[in-house]
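Visitor: I am new to this structure and would be grateful for a guided introduction. May we look at the model together?

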Amino acid sequence: MPAYRIIVDLSDRKLYLLENDQVVREFPVGIGKIVSATPVGHFTIINKQANPGGPYGAFWLGLSKPHYGIHGTNQPSSIGQQVSKGCIRMHNKDVLELARLVGIRTEVTIRP
């Protein structure tokens, strides 16, 4: 399996998928509001769930920080905005592509 890792850059509201330290995909994301900011730091993906329901869109990738994840959305206009309760939102087609590529224990770095 390729050596993938994820970097989320909050300042440019992008998620970068790296393979062997080279960016291979870039996706726009929605991030946390000022009062519910997306946490910064180093995490791992600990679970994956298709069709989690509600506002989480087509897929949920749970992070090692409890209650936080990378997920789809039922509000596609929120992508690129500072609107979530701290999670990282992606277009459903993008989160499905990402979920196919990355596995449990994939490293996720979220930077300011």
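Visitor: Which residues line the largest pocket, and what classes do they fall into?
Guide: In this predicted model, the lining of the largest pocket consists of Pro55, Tyr56, His67, His71, Thr73, Asn74, Gln75, Ser84, Lys85, Cys87 and Arg89. Sorted by class, these are three nonpolar, six polar and two charged residues.

Visitor: In what order do the eight strands of the open sheet stand, and which are the edge strands?
Guide: The pairing in the open sheet is mixed, and its order is E3-E2-E1-E10-E5-E6-E7-E9. An edge strand here pairs on one side only, and this applies to strand E3 (22–28) and strand E9 (88–89).

Visitor: In which sense do E7 and E9 pair, and which residue stands opposite Ile70?
Guide: Strand E7, residues 69–71, is joined to E9 over two bridges in the parallel sense.

Visitor: Is Val29 buried or exposed?
Guide: Val29 belongs to the loop between E3 and strand E4 (31–32). Beyond its neighbours within four places in sequence, its contacts include Leu15, Ile79, Ile88 and Met90. Buried means under 20% relative accessible area. Because its relative accessibility is 0%, Val29 counts as buried.

Conventions: Residues are numbered from 1 along each chain as its sequence is written. This is a predicted model: local features need pLDDT of at least 70, side-chain atom pairs count only at pLDDT 80 or more; totals for chains, interfaces and linings use all residues. Side-chain values use heavy atoms; hydrogens and water are left out. Two strands pair if DSSP finds at least two bridges between them. Helices (H or I, at least four residues) and strands (E, at least two) are DSSP runs, numbered from the N terminus. On a 1 Å grid over the protein atoms alone, a cavity is a set of points where a 1.4 Å probe fits but cannot get out, and a pocket is an open set with protein on both sides within 12 Å along at least five of seven lines; lining residues have an atom within 4 Å of a point. Ala, Val, Leu, Ile, Met, Phe, Trp, Tyr, Cys and Pro count as nonpolar, Asp, Glu, Lys and Arg as charged, and the others, Gly among them, as polar. Buried means under 20% relative accessible area, exposed over 50%, partly exposed in between (1.4 Å probe, protein chains only). Contact means heavy atoms within 4.5 Å.
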